[in-house]
Amino acid sequence: MKTLLTKLTEAYGPSGSEGPVRELIRKEVEPYVDEIRVDALGNLICLKKGTGGKKVLLDAHMDEIGLMVTHIDKDGFLRYGTIGGVNPFISLGQRVYFENGTFGVIGSERVDDPKDLKTEKLFVDIGAKNKEEASAKVKVGDSAAFFQPAVCLGSRFVAKALDDRAACAVLIETLKRVGETAHDIYAVFATQEEVGLRGARVAAFGIEPDVGIAIDVTRTGDTPKSITMDVSLGAGAAIKVKDSSLICTPALRDYMVKMAQEKGIRYQMEVLEAGGTDSGAIQMTKAGIPAGVISIPCRYIHSPCEMVDLDDVEECVKLTVALCQSPLEF
Amino acid sequence: MELRELTSLVGVSGNEDEVRRAIMRELEAMGVSYETDTMGNIIARKGDKGPRLMVDAHMDEVGLIIVHIEKSGFLRFYPIGVPAAVLPSKRVLVGKDKVPGVIGAKAIHLQERRERDSVIPVDQLTIDIGAKSKEEAERKVKVGDYAVFDTEYEELSPGIIKAKALDDRVGCALLLELLKEPWENVQVYAVFSTQEELGIRGAKVASYRVNPDMGIALEGTVCADIPGTDPEGYATQIGKGAVLSVMDRGTITHKGMLNQLVKLATENQIPFQYREATSGGNDAMAIHQARAGCPVAAISVPCRYIHSPFSVMSMADFEAARKLLIAFVKSVEGGFRP
Amino acid sequence: MSNLSFNVKEFLKKASMAYGVSGHEFYNAASVVEEAMTGLVDEIRRDPLHNIIGYRKGDGEGPRPKVMLAGHMDEIGLLVKKIEERGFLRVTGIGVDPRVLPGHEVIVYGRRPLTGLVGVKPPHLIAPENAMKAQKMEDLFIDLGLPEEEVRKLVRVGDVVTYKRQVTELQGDVLSGKSMDDRAGVGVILVCLDELRKYKVPADVYGVATTQEEVGLRGATVATYGIKPDIGIAIDVCHAETPGVPEWRTSQLGKGPAIATGGNIHPKVFQGLKKAAEELGIPVQTEVAPGPTGTDAWAMQVSGEGVATGLVSIPLRYMHTSVETLSVGDVEKAGRLLAKFIAACDEAFVKELTTWN
């Protein structure tokens with residue numbers, strides 16, 4: 001799992017430019033699924049056929065937050081717009097990298113009061129001396145991801161893009177372990193979640209599943225003077241009650257809790273006050289689809305140093321596998 | 001139909017009647033078949049075979065809606081897409097009969113010192129049509145009527161146009177130009193949509209119906225190459241050519257389509273520029289998420305001062321957008337797939 | 001005036017005290033609605049988001065136009081997000097303004113309904129400069145008066161909480177209670193279904209008690225897609241006169257329902273509703289909505305290939321508090337006017353909706 005997580009988190013894939021991470025995932029899952037296709041928005045849709053059960057959509061998003069170049073100034077500095085929720089405070093002093101390998105650092109205009117720090121005052125410095133030199137390496141419309149190598153701290157794993165590559169790892173591992181199932185499993189590695197659940201929305205429309213389960217990260221309430229939240233690193237797979245994009249179908253949520261209890265999988269209940277997931281889009285597909293979320297507790301989301309607990313990740317795999325192998329009657 | 005006529009037509013988001021009627025007549029004169037739906041979109045089609053390409057422009061403009069008539073005859077209104085700052089001291093035309101009115105402002109002599117620091121809030125403004133009572137006013141206008149700015153189309157200097165509603169009548173004009181060309185091996189679905197300014201409403205319904213393989217949104221887009229803004233804040237510049245979006249709040253432009261547009265512009269020496277901003281949104285947001293999704297891009301004309309009584313554009317930029325649009329559709333006809 | 005087969009006031013009282021926070025309407029509110037709807041429709045079904053969809057077949061040969069009526073049955077409320085030391089509950093809001101909560105009694109739906117109190121610091125211990133500062137949801141807590149172990153046995157993260165409030169009958173036909181937004185709308189649908197018995201109805205009518213309106217019009221979005229109506233009318237509440245709010249921003253209680261016009265509303269549906277009101281001599285008020293109406297009509301309008309929408313609203317004071325106040329007469333008038341309107345929804349009318357000239 002550590003190797004897989006390292007590979008996945010260090011791969012490049014801001015929303016709209018998921019190519020490299022998609023290819024990486026494709027290679028991982030190819031031996032374990034019956035059909036693979038890529039749809040109009042770049043979603044990687046993998047089908048593992050069952051023996052006549054339900055159509056189950058499992059979702060993890062491949063994209064990460066990042067920046068898109070909007071302007072190259074005469075001195076070779078790059079101005080940018082954010083891709084997804086990028087906080088200017090967390091951006092200051094960070095390293096970023098483009099698909100072609102160009103590196104940059106984020107600097108800021110003079111700001112006397114920290115309250116005045118906004119994205120508009122930041123820029124990327126790729127070490128170019130003028131516009132011409134910069135334009136030889138990047139152009140307006142190019143996207144960059146934050147750069148940070150992954151590191152293991154005992155049972156904790158720290159990297160950028162654990163949101164949502166940790167879930168991609170869970171989904172890949174699920175496909176490897178699940179074996180024969182009654183259900184048709186559609187494993188969707190979705191694009192553009194960070195900019196509005198867009199990949200999942202169109203993928204779910206195309207598939208029209210009987211039930212949808214997204215796997216995503218969620219915040220925790222276990223750091224000093226944190227938000228009030230009953231989720232902690234190491235306490236197991238989080239079963240989501242609600243976030244700002246959906247109220248998980250209660251019958252499905254209760255079924256997931258029962259499954260965890262029956263299989264001795266460690267779990268915790270999660271209410272997320274700010275933040276949405278692909279299940280928000282899946283639930284609203286066509287005439288409505290029962291939807292739930294398995295969450296991986298994660299500290300420091302949307303920073304280059306997100307942190308998960310590897311035991312929690314394992315419990316999430318176990319729960320996902322157990323659900324796939326169960327009748328899913330609720 | 002020329003831009004002069006297109007921009008003079010009245011069609012605030014929610015009542016695009018006059019614009020729609022004029023475009024319908026134009027399409028009939030051109031022999032192009034079309035349908036309309038519950039949202040009032042016009043969905044025209046040209047070409048019988050090949051991929052379904054949806055090209056979209058919105059008919060609606062920003063304006064005001066009358067919400068209440070005071071006993072004194074003043075009209076209370078809500079703005080639709082118009083910031084409060086541009087409202088005081090302007091002339092408007094109200095309702096189907098285009099009754100002239102003015103948005104008065106408290107004379108400066110009557111204002112307190114501290115009032116002068118703030119934009120006058122909308123609930124302190126009214127439209128005055130000169131009526132002396134509610135009854136008199138109700139003979140000419142009613143609650144629910146829309147009002148537009150009374151702006152005349154003018155050529156400020158050769159090729160530089162001032163008009164209201166360039167956002168998005170330039171898009172409508174480009175779409176009509178596109179429909180003048182013969183199309184056989186591409187099914188061009190030209191959608192004149194409604195209520196874009198209320199949240200991309202018409203396009204959502206139209207794109208579900210059309211179910212395109214790919215889409216292009218045509219817009220009159222932000223252009224802030226004006227004093228007080230730094231170059232990184234211009235977004236676009238008058239005279240620098242057709243505008244290609246890279247990303248906005250609703251869409252990340254499909255890379256394959258963007259590359260093709262850049263390639264065609266370069267090969268055909270069509271001046272172009274990138275939309276150097278990621279704010280705002282347009283009908284592409286709905287088009288690319290319709291049903292099972294499709295690739296999209298946007299081609300725009302830079303317009304200064306949009307969402308105010310007037311906007312300014314360059315016919316040279318319009319011409320560049322027109323050429324690029326036609327070149328793109330020709331390339332789709334010739335086999336290009338994103 | 002009323003020769004309905006059921007008592008509107010009694011339904012409203014029962015519906016107001018039923019509980020069904022967004023996403024959890026099936027607890028109780030849904031069955032109250034379903035029970036009341038039985039006998040007024042031919043079939044009732046529930047969809048994946050627990051919308052209650054009552055189908056009333058029209059008269060005459062098929063295929064007939066389809067009219068959908070939507071009134072949302074979910075109410076605003078709270079959700080337990082954490083159980084603290086000593087058994088206090090921390091909650092998140094589902095549509096609730098935290099400022100009405102301090103000092104309010106609530107019901108926590110754990111293993112059984114439990115009375116809870118939203119506790120407050122006594123004024124003696126609050127610094128004078130903080131007396132007027134509103135508390136945020138993050139600062140509020142619920143006291144069940146039980147020891148922590150008991151609480152942990154009876155309550156879980158994810159349990160829902162509603163206002164605890166009886167209905168109050170005020171002067172005349174004025175009622176005050178929680179969740180009138182939008183159980184009153186459901187009441188209107190029932191009145192309409194009942195009234196339709198008087199007419200030859202050219203359309204199939206779908207009376208839908210929608211779910212999760214307060215968290216994003218979610219029930220209506222999927223219900224509309226499933227039904228594919230030609231016409232969709234939302235019935236919701238609108239702001240009635242309130243001290244401190246300029247009159248031109250509100251409607252008047254007891255002066256009849258408000259009919260909306262604006263981008264979210266199809267002009268011919270607006271005209272049709274006004275005509276129906278005139279023909280019946282029912283007083284109505286016009287509500288101008290420049291953009292989103294903030295109701296299920298916003299979701300219905302752009303479903304699929306488009307739905308011609310209308311909005312009928314019941315004037316209501318103190319929206320989203322537990323003392324929402326309305327006039328029962330307005331509810332009855334709205335139901336009657338809708339029935340008259342639907343009686344005119346024939347093929348010819350539907351064809352007009354996509355015709356613009």
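This is a predicted model: local features need pLDDT of at least 70, side-chain atom pairs count only at pLDDT 80 or more; totals for chains, interfaces and linings use all residues.
Residues are numbered from 1 along each chain as its sequence is written, while chains are lettered from A and ligands numbered from 1 in the order in which they are written.

**Entry: the sheet in chain A**

I then looked up the strands around this position, and found that β11 (residues 156-159) of chain A pairs with β17(A) in the antiparallel sense over four bridges; two strands count as paired if DSSP finds at least two bridges between them. Both belong to an open sheet of three strands in chain A, with the order β10-β11-β17 and antiparallel pairing. The edge positions are held by β10 (151-153) and β17 (306-309) of chain A, each with a single partner strand, so one side of each has no neighbour in the sheet. On average, neighbouring strands of this sheet are turned by 25° against each other, direction ignored; axes here are lines fitted to C-alpha atoms, for helices over the stretch in contact, and angles between N-to-C directions run from 0 to 180 degrees. Helix α9 (residues 310-325) of chain A lies across β11 and β17 of that chain, and runs at about 65° to β17(A).

**Entry: the sheet in chain C**

In chain C I found an open sheet of three strands in the order β10-β11-β17, with antiparallel pairing. Its edges are β10 (168-169) and β17 (324-327) of chain C, and because each has a single partner strand, one side of each is left without a neighbour in the sheet. Strand β11 (residues 174-177) of chain C is joined to β17(C) by four bridges, and the two run antiparallel; within this pair, C:Val174 stands opposite C:Ser327.

**Entry: a helix pair in chain C**

Which angle do α4 (residues 180-195) and α8 (residues 328-342) of chain C make where they pack? I noted about 45°, with the axes 7 Å apart. The two helices are therefore oblique to each other, given that angles under 35 degrees count as roughly parallel, over 145 as roughly antiparallel, 65 to 115 as roughly perpendicular and the rest as oblique. Among the residues making the contact are C:Gly187 and C:Val191 of α4(C), and C:Val331 and C:Gly335 of α8(C); residues are in contact if their C-beta atoms, placed from the backbone, lie within 7 Å. By class, this contact has eight nonpolar, two polar and three charged residues, where Ala, Val, Leu, Ile, Met, Phe, Trp, Tyr, Cys and Pro count as nonpolar, Asp, Glu, Lys and Arg as charged, and the others, Gly among them, as polar.

**Entry: contacts between chains**

Notes
Two residues are in contact if their C-beta atoms, placed from the backbone, lie within 7 Å.
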